[in-house]
Amino acid sequence: MNNKHYFYLLMLVIIIVGCTPSVPTNSKLVTSKEDLYKALINAKAGDEIIMANGTWKDVAIVFTGEGTKQNPIRLRAEAPGHVFIEGESFLKFGGQFLEVSGLYFRNGYTPEKAVVAFRIDKNKIANNCRFTNSVIENYNQLQRDRPDHWVEFWGRHNQLDHCYIAGKSNQGPTVRVDIKGNQNIRNYHKIINNYFGPRPRKGGPKGETIQLGDSYTSMSPSNTLVANNYFDRCNGEVEVISSKTNFNEFRNNLFYKCEGSLVTRHGNYAIIDGNYFIGDGKSENFGGIRLINTGHWVTNNYFFNLRGKKFRSSLAIMNGIPKSPLNRYNQVTDVVVAHNTWVNCNSPWQFGVGQNLNQREVLPQSEIRSARAIRTLIANNVLYNEVGDSLPIVAHDKIDGITFKSNIINNQGVDFKDVNGLRQTKFQMTSINEYLFIPKDDLTKYVTYQGFEFDKITKDILGRLRSDNNLVGAVNTMPVNSMAVLDSHKYGASWFTPESEPATGKTLEVDSNSNLNEVILNAKSGDTISLLTGDYYIDKPLRIDKNLTIRSKKPGSKARILYTGNDQSPLFELNPKGFLKVENLIIKGSKKNYAFASLKENMSSRYKLSVSKCEISEFNYVLKAYKQSFADEINFDTTIFYDCENGIELSEETNDKGDYNVEFLNIHNCQFSNIKSNVIDYYRGGYDESTIGGNLSVSNSTFSNCGAKEANGILLNTRGIINVDISNNTFKNNKVKLVALLWGAKNNKHTKNTISNSGKILVKENIQLTLMY
């Protein structure tokens with residue numbers, strides 16, 4: 001080998017060595033809590049603490065230290081995803097340049113106010129710290145009303161990235177940025193590249209996925225960046241993101257079938273750019289962007305197949321309260337909505353949302369939202385509807401403060417109330433993939449409006465420059481390749497894939513000699529228990545904590561379950577994550593026990609119940625839901641109820657804070673006979689205009705000889721429930737004053753009911769509720 005070859009070989013070795021990450025020589029593997037705590041106390045800049053693979057239970061990770069940008073202090077899993085943090089555990093940062101990665105929080109809850117907090121206490125905060133490549137899943141408090149945050153930001157320049165976070169069901173935002181104190185404002189935190197998996201419905205307020213600040217710090221600057229995150233079915237409440245501070249940025253996030261919106265609830269000068277909002281074209285629960293306050297720029301966003309209305313409309317611009325206190329609604333002023341695209345969205349632009357002048361008789365003047373948006377510009381946007389929409393713009397109040405410039409719509413020739421600045425024309429769209437549609441036609445002929453500082457909108461939603469052809473809409477040029485908009489692999493922890501429950505399980509056939517409690521205990525989630533004809537005597541509750549179907553094998557010959565358990569005990573005990581379907585059964589009690597009930601306490605997660613083609617009789621309660629329990633859905637279909645002291649009680653959330661016990665209660669084609677009280681008792685208390693549930697549907701059912709012991713004289717109690725539909729029912733010989741008292745100002749309606757000797761259905765426009773604020 002000649003000298004030239006030696007030289008090239010030497011250079012190659014130098015390059016390889018120079019490009020290979022250095023392995024810290026000051027790494028320490030810890031295998032116990034005691035070793036971990038000692039290592040954390042003694043950590044110095046450049047140190048790496050490695051937690052051994054396995055389960056760490058009831059571990060208090062208080063991570064303090066002074067790292068540097070070049071030499072941070074790292075705490076990581078021996079193998080990402082193989083260090084399980086369980087029980088009553090938490091992580092706190094306090095110091096500079098600290099980094100934690102690879103942990104998996106599960107099977108427990110925090111005993112503190114947060115699972116992960118970027119401070120030790122108010123005097124010891126974190127700056128330049130990072131929580132990354134980790135998972136927090138179903139790490140819920142045992143009680144729904146006990147609040148916590150799963151990630152709580154304090155200090156400055158901290159970062160949450162590449163994490164998977166899902167399943168929070170208790171009170172409180174999943175991620176919260178606090179800015180109380182000068183050391184926490186202008187924080188420039190980053191929440192980036194995360195996968196926020198499904199957050200179940202909570203049944204009331206205080207269920208945001210991200211909340212930035214609160215009402216009383218809303219005039220302070222936060223400068224938080226929320227970017228490149230995937231929000232997958234984040235349904236905790238009507239606000240998926242609640243921005244309550246100034247100068248926050250929301251860029252390039254994907255909201256997939258989220259039952260809520262990105263909301264500038266308080267605070268000013270938000271930038272909302274390049275985000276995707278994807279619905280299913282059916283549900284009215286999927287929202288877009290809702291604007292309150294001043295100075296926001298909404299640009300380059302894409303809205304697809306959204307059907308939300310009012311608070312959940314694709315673009316909701318709210319009315320404010322004149323001289324609003326900090327915790328209410330400030331007037332929208334000086335807002336720009338430009339270069340966005342709406343495809344197949346119903347009534348996408350709604351202005352004056354929340355206008356409530358007709359409720360003056362039951363609300364104080366300080367709650368009346370009469371301040372219309374002013375100095376608000378809607379420009380260079382594209383709307384396209386495959387089926388024409390007669391109301392692409394909904395004005396709940398005058399829109400004299402809104403200016404429209406250079407917007408175009410293909411409404412398939414369907415006329416609508418003309419607005420100067422929204423031009424109806426013909427252009428075609430082409431699909432890039434299942435969710436992304438862009439104009440097929442050349443849109444250069446449509447002149448864009450050049451408003452103040454519009455030159456700063458330099459790129460489109462795809463990151464392409466607008467300098468050559470600055471077109472209307474979110475997409476400036478045709479992409480070369482198909483885009484995987486819903487590529488979930490781009491987000492979250494690199495090592496984690498969420499488990500999906502099997503669509504179907506096994507069918508377990510049992511006879512009346514079987515021990516049904518043991519069968520249920522040994523069954524797997526998704527299984528069906530098929531009961532042969534016969535009598536099944538049950539003397540203690542059947543614990544339901546998984547997804548099960550229990551039914552008669554022969555629908556024409558129903559099995560009978562005879563419950564002889566203790567007074568006030570349920571035949572079916574609905575536990576957290578208990579999803580129960582009951583079909584084609586005869587169910588009979590001993591007059592003093594219950595057919596179905598939630599746990600009295602520790603309902604840490606939701607349940608579901610579906611009952612069809614059954615006969616239920618001689619119970620104290622058909623269904624008893626206790627306080628702090630919550631069901632996603634409760635469905636009774638083609639079922640007969642008779643000779644029960646009480647019916648369906650979902651009225652335990654009496655703290656009047658906007659909470660309720662079930663999101664959807666559906667009763668169809670059922671018969672109720674001789675149910676003495678609480679036939680249907682469904683309650684939501686407290687005046688909270690942003691709570692837009694629960695939901696009750698009663699249809700094609702018969703109620704006879706019911707309500708004889710109902711104390712308030714109302715057969716169907718629905719006080720405070722927002723969405724009620726009572727249709728095509730028969731009410732006869734019920735000893736009550738009213739069949740129902742409906743709330744006219746909300747979405748309460750009744751149609752085609754036959755009523756005899758049962759009072760009447762009364763609609764009251766405004767119902768007095770306790771103010772929550």
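How many salt bridges does the structure hold? I counted them first: there are 39 salt bridges. I note at the outset that this is a predicted model.

**Entry: Arg251 and Asp273**

I started with one of these pairs. The side chains of Arg251 and Asp273 meet in a salt bridge, at 3.6 Å from N to O. Arg251 belongs to strand β25 (residues 249-251) and Asp273 to strand β28 (residues 271-273), so the pair ties together parts that are 22 residues apart in sequence. Arg251 has a relative accessible area of 26% and is partly exposed. Asp273 comes out at 13% relative accessibility and counts as buried, because the cut-off for buried is under 20%.

**Entry: further salt bridges**

I looked up Lys456 next. Its salt bridge is with Glu453, and the closest N and O atoms are 3.2 Å apart. Lys456 is exposed at 59% relative accessibility, whereas Glu453, with a relative accessible area of 29%, is partly exposed.

Arg543 forms a salt bridge with Asp545, with 3.1 Å between the closest N and O atoms. I found Arg543 partly exposed at a relative accessible area of 46%, and Asp545 is partly exposed at 30% relative accessibility.

I also noted a network of salt bridges that links Arg74, Glu99, Arg130 and Asp161.

**Entry: the sheet with β65**

How many strands are in the open sheet that ends in β65-β68? I read 10 strands, in the order β45-β46-β49-β52-β55-β58-β60-β62-β65-β68, and the pairing is parallel. At the edges stand β45 (507-510) and β68, each with a single partner strand, so one side of each is left without a neighbour in the sheet. Direction ignored, neighbouring strands of this sheet are turned by 10° against each other on average.

I then went through β65 (residues 723-727). This strand is mostly covered, as 4 of its 5 residues are buried. On one pairing, strand β62 (residues 695-699) and β65 run parallel and are joined by 5 bridges. Here Asn695 stands opposite Asn723 in β65. Asn723 stands opposite Asn747 in β68. Asn723 therefore has an Asn opposite it in both β62 and β68.

I checked one more pair in this sheet. Strand β58 (residues 631-637) and strand β60 (residues 662-668) run parallel and are joined by 6 bridges. The bridge partner of Asn635 in β60 is Asn666.

**Entry: nonpolar cores and a surface patch**

Which residues touch the most other members of the largest nonpolar core? I found Phe93 and Phe131, in a core of 81 residues. There is a second, separate core of 69 residues, and among its members are Ala523, Val582, Met603 and Cys706. In soluble globular proteins, nonpolar side chains tend to be buried together.

I also looked for nonpolar side chains on the outside. Tyr216, Met219 and Leu326 form a nonpolar patch on the surface, and together they have about 330 Å² of accessible area. Leu326 sits in the loop between β33 (315-318) and β34 (333-338). At 34% relative accessibility, Leu326 is partly exposed.

**Entry: backbone**

Most residues other than glycine have a negative phi, and most peptide bonds are trans. I listed some exceptions.

Which peptide bond is cis, with omega near -10°? I found the one from Gly693 to Gly694. Gly694 lies in the loop between β61 (671-682) and β62.

Arg233 is not a glycine, yet has a positive phi of about 50°. I placed Arg233 in the loop between β23 (230-232) and β24 (239-243). Its relative accessibility is 39%, and Arg233 counts as partly exposed.

Thr638 also has a positive phi, about 50°, although it is not a glycine. Thr638 is in the loop between β58 and β59 (640-650). I found Thr638 partly exposed, at 32% relative accessibility.

Conventions:
Residues numbered from 1 in each chain as written. Predicted model: local features only at pLDDT ≥ 70, side-chain atom pairs only at ≥ 80, totals over all residues. Heavy atoms only, no water. Salt bridge = Lys/Arg side-chain N within 4 Å of Asp/Glu carboxyl O. Helix = DSSP H or I, 4+ residues; strand = E, 2+ residues; numbered from the N terminus. Buried < 20%, exposed > 50% of the residue type's maximum accessible area, 1.4 Å probe, protein only. Pairing = 2+ DSSP bridges. Axes fitted to C-alpha atoms, helices over the stretch in contact; angles between N-to-C directions. Core = buried A, V, L, I, M, F, W, Y, C linked by side-chain atoms within 4.5 Å. Patch = residues over 30% accessible without salt bridge, like charges linked within 9 Å, V, L, I, M, F, W, Y side chains within 5 Å. Areas by Shrake-Rupley, 256 points an atom, 1.4 Å probe, with all protein chains shown as cover.
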